[in-house]
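This report is intended for a reader meeting the structure for the first time. Please view the model alongside the text.

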Amino acid sequence: MNRLKQHIPQSFLEIHPINAKEQGLEDGEIVVVRSRRGEVRVPVRVTDSVKKNTVFLPMHWGKILGSDLNRANNVTNNLVDPISKEPDFKFCAVAVERYKKRKERIVIVGAGAGAHGFVRSYRELNREDEIVIFSRENLPFYNRVQLPDYISGTQTWQDLVRMEDEEEADMAIDLRRGVSIERIDRAGKYVVDSTGTVTHYDRLILSTGSRAALPKNLPALDGIFTLRSRTDADNFRQRVPENGHIVVVGGGLLGLELAASLREMDIRVSIVHRSSRFLDRQLDALGSQLLHEEIVDLGCEVYYSDEVQLFYGQSKLTGIHLRSGRVLDCDLLVFAIGTVPNIEIAKAAGLEIRRGVVVNGRLQTSDPDIHAIGEIAEYNGNCFGFTAAAEQQAAVLARYLHGDIASHYRGTVPMNIIKIHGFDLCSIGLPESPNSKEYEEIVFIDKARRYYKKCIIHQDRTGRGHSRRRQGRVPAVQGVDHGRHRTE
Ligand SMILES: Cc1cc2nc3c(=O)[nH]c(=O)nc-3n(C[C@H](O)[C@H](O)[C@H](O)COP(=O)(O)OP(=O)(O)OC[C@H]3O[C@@H](n4cnc5c(N)ncnc54)[C@H](O)[C@@H]3O)c2cc1C
């Protein structure tokens, strides 16, 4: 059954093109199939592999997260021969009609990658539902991933905007900019915003993202920054000193990309990194070594296995003291040491919380009318801190809210791409093969050219891998996504 489901992941109804045309049905639309015994709800596949006036519904689906609306037995019968247990033939007369969803108001909190992905996916399926989005930032949808390039000037604000005002109107969305949600009333199914206005919802989607993590007992000194929003980037950009020295604390993707952008501006940069190598969860030791060489070639000074212990300055930061005893004079310091999910309104509303807001495969929180996507969502014990996961969750949720009960999320394979000009690095899934004979590694390496590709094979399937190469086209990388092969 599992193999079958891997081969055909989702139930469907095959319908002849003439019947589809009569009903005005297009491929992928959700239909309700009714017999005198019951009903199912599935997407259609328009194909002439079935006869006109006959529809075909495969039957190996049972309950999906509590709903049995994909089960063929709902419309046929469940008779079996009492002796051989052979099932009866499964055929019956049915009526097929397009699924008509009740009009709803969907309210979204936050206008980041998750909300943007949801709006685009949902509007491809549904134009009737009302969509209201509250954004704490007084800005259109934009791509925060490009903020380091915005700081260096390589990209303009216009390059970062993901939805122009006219498109907002085309999408029929009501984006309330500069208005945050302060409280959720689950019993009354409404939210209260920062202007005191009450907005009712049928479905509420929380996509409030994260904020930058900061160390405890941080002194209130001018010159200490984080980078999460355009406002952060603007504040920082205004203060970047000519011929100055900036310390970036944290050598993760964000810290390294920011350091590279600052080097493009010819600013002196030091990176203070807590562990002994870069991206130790995404790369193997050789990968980290080659990345280190690249970062040093860019002109960054690197301090591994170190942390900031003291901050110097009266009202303005003038320097730091590291745990190793080193003292660095600096003009500005940026913390890029991780993120903290914005779960406060979910917590106050009594939703189940661990690190993030706990969701099931339908991105549903402990309240079935409230969903969470993006960095605040915790699925199967994991919070996913990258755009691809937020967008994947948004697409799954859009299909589910539009009526596709089989649409459910199963996690996202971690994928990291570093955005440093002239340098390609991508890591998908596990950086090291587990210590087992079931795994093989294929490695291409040319250390002098800083060229390294590794692909991990698990039982003849592409396992995980990462690749890096300097100054050239992006090399092929293979990864695995729930057993399906993927090559890029
Ligand atoms: C500088 C930077 C570089 C990055 N680079 C990469 C990268 O290269 N690759 C990658 O995959 N990911 C990257 N990320 C991470 C990526 O941006 C996030 O994973 C993604 O944006 C998460 O989407 P989200 O919708 O969960 O939250 P966000 O995009 O953070 O959006 C959440 C929004 O909700 C708003 N909000 C919060 N609370 C409220 C409230 N109560 N009311 C109203 N609004 C509220 C916030 O202000 C914010 O605008 C980067 C992030 C940053 C900051």
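## Domains

The chain is divided into domain 1 (2-98), domain 2 (105-212 + 340-401), domain 3 (224-337) and domain 4 (422-487), with bounds taken from an automatic or database domain assignment. Between the C-alpha centres of domain 1 and domain 3 the separation is 57 Å.

The model is predicted: local features need pLDDT of at least 70, side-chain atom pairs count only at pLDDT 80 or more, and totals for chains, interfaces and linings use all residues. Residues are numbered from 1 along each chain as its sequence is written.

## The ligand shell

The ligand is surrounded by 35 residues, where a residue is near a molecule if its C-beta atom, placed from the backbone, lies within 6 Å of it. The closest are G110, G112, G209, G374 and F386. Domain 2 and domain 3 each contribute at least three residues to this shell.

By type, the shell comprises 16 nonpolar, 13 polar and six charged residues. Here Ala, Val, Leu, Ile, Met, Phe, Trp, Tyr, Cys and Pro count as nonpolar, Asp, Glu, Lys and Arg as charged, and the others, Gly among them, as polar. At least two shell residues come from each of α3 (113-125), β6 (130-135), α4 (147-152), α8 (253-264) and α11 (387-401). Helices (H or I, at least four residues) and strands (E, at least two) are DSSP runs, numbered from the N terminus.

## Helix α11

Helix α11 has 15 residues and reaches 21 Å from its first C-alpha to its last, close to the expected 21 Å; the expected span is 1.5 Å times one less than the number of residues. Because 13 of its 15 residues are buried, α11 is largely enclosed by the rest of the structure. A residue is buried if 20 or more other C-beta atoms lie within 10 Å of its own, with C-beta atoms placed from the backbone. G403, which follows α11, has a positive phi near 120°.

## Strand pairing

An open sheet of three strands has the order β17-β18-β19, with antiparallel pairing; two strands pair if DSSP finds at least two bridges between them. The edge strands, each pairing on one side only, are β17 (308-312) and β19 (327-329). Strand β18 (residues 319-322) is joined to β19 by three bridges, and G319 has D329 in β19 as its bridge partner.

Elsewhere, six bridges join the antiparallel strands β26 (residues 415-420) and β27 (residues 423-428). M415 is partnered with I428 in β27. These two strands form a hairpin with two residues between them, and G422 in the turn has a positive phi of about 75°.

Note on methods. Buried ≥ 20, exposed ≤ 12 C-beta atoms within 10 Å, placed from the backbone.
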